Every structure is written in structure tokens, then in C-alpha cells.
Amino acid sequence: MSVLVEFAMFPTDKGESVSEYVSRIIKMFKESDIDCQLTPMGTIFEVDTIEEATNIINNAYKQLERDCNRVYTTIKMDIRKNKNNRMKQKIKSIEDKIGNVNG
């Protein structure tokens, strides 16, 4: 199974710029073996189970919990059986048709 997740998480009580706090979450990914892709509006990652996905999101929240009183989160999940590596395959499928899209 493939659980493709796109989420954004940030504090709403820390002012206009929150990159200091979002960086904690990205650091968590860098220190793990979870492949992720940072975008200007969120983070995308892929795991094998819904439980893994929700654990990662919970751990992301723990990066902010200690000093953030209000945290906003959006989460989208695409769950598909009998597939994997979709984070890369979905982009490759488009690029096979029209060429590089992220250049």
C-alpha cells in the first residue's frame, strides 16, 4: 500500500514569519529515513500505512507543541493499494508526456 501525504503545519501565535518553527519539522524529516519533498506551501511524503502517516504528523506536532499555543494543520492523503513510489512516479508520468516540469 502507498499512503501519499501532503500536509502543512505551522503555529498561528508566532507572528507573520514562521519558518523558524516549520524548520523544526523539516529537520525531523532530515534526521529520519523518510523521503519527503518540501514545497512552498507544505511537505509531501510517502509511507506504507496510515498508521505511519499519522505517527509522522503527530511527531511533527510534537516539534511545535512545547512553545506554540496554537497550531494550524492541513492534511491530504491519497491511499492506494498495490502501489509504491508514487511520489516520484506521479511526476514522472507527466514528464514523460510533456518534459521537465520543475525546471
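User: Why is Thr43 called buried?

Analyst: The model is a predicted one. In it, Thr43 has a relative accessibility of 5%. Buried means under 20% relative accessible area, and therefore Thr43 counts as buried.

User: Where is Thr43 placed, and what is in contact with Thr43 beyond its neighbours within four places in sequence?

Analyst: Thr43 belongs to strand S3. Leaving aside neighbours within four places in sequence, its contacts are Val5, Glu6, Phe7, Ile26, Phe29, Cys36, Gln37 and Leu38.

User: Is Glu6 buried, exposed or partly exposed, and what makes it so?

Analyst: The relative accessible area of Glu6 is 28%. Buried requires a value under 20% and exposed a value over 50%, with partly exposed in between. Glu6 is therefore partly exposed. This residue is in strand S1. Not counting residues up to four places away in sequence, Glu6 touches Thr43, Ile44, Thr74, Ile75 and Lys76. The C-alpha atoms of Glu6 and Cys36 are separated by 9.6 Å, and these two residues are 30 apart along the chain.

User: How do you know that the span of helix H1 is close to the expected one?

Analyst: H1 covers residues 19-30, which gives it 12 residues. At 1.5 Å a residue, 16 Å is expected, and H1 reaches 16 Å from its first C-alpha to its last.

User: Which residues of H1 are buried, and what covers them?

Analyst: The buried residues of H1 are Tyr21, Arg24, Ile25, Ile26, Met28 and Phe29. Their cover includes strand S1 (2-11), strand S2 (36-39), strand S3 (42-47) and helix H2 (50-65).

User: Which residues meet where H1 and H2 are in contact?

Analyst: From H1, Tyr21, Arg24, Ile25, Met28 and Phe29 take part. They meet Ile56, Asn59, Ala60, Gln63 and Leu64 of H2.

User: What makes the phi of Asn82 worth noting?

Analyst: Most residues other than glycine have a negative phi. Asn82 is not a glycine, yet its phi is positive, near 60 degrees. Asn85, also not a glycine, has a positive phi of about 60 degrees.

User: Why is Asn82 called exposed, and why is Asn85 called partly exposed?

Analyst: Asn82 has a relative accessibility of 75%. Exposed means over 50%, so Asn82 counts as exposed. For Asn85 the value is 35%. This lies between the limits of 20% and 50%, and Asn85 therefore counts as partly exposed. Asn82 lies in the loop between strand S4 (71-80) and helix H3 (86-98), and Asn85 is found in the loop between S4 and H3.

User: How many helices and strands are there in the chain, and in what order do they run?

Analyst: The chain has three helices and four strands. From the N terminus on, their order is β-α-β-β-α-β-α.

Methods
Residues numbered from 1 in each chain as written. Predicted model: local features only at pLDDT ≥ 70, side-chain atom pairs only at ≥ 80, totals over all residues. Heavy atoms only, no water. Helix = DSSP H or I, 4+ residues; strand = E, 2+ residues; numbered from the N terminus. Expected span 1.5 Å × (residues − 1). Buried < 20%, exposed > 50% of the residue type's maximum accessible area, 1.4 Å probe, protein only. Contact = heavy atoms within 4.5 Å.
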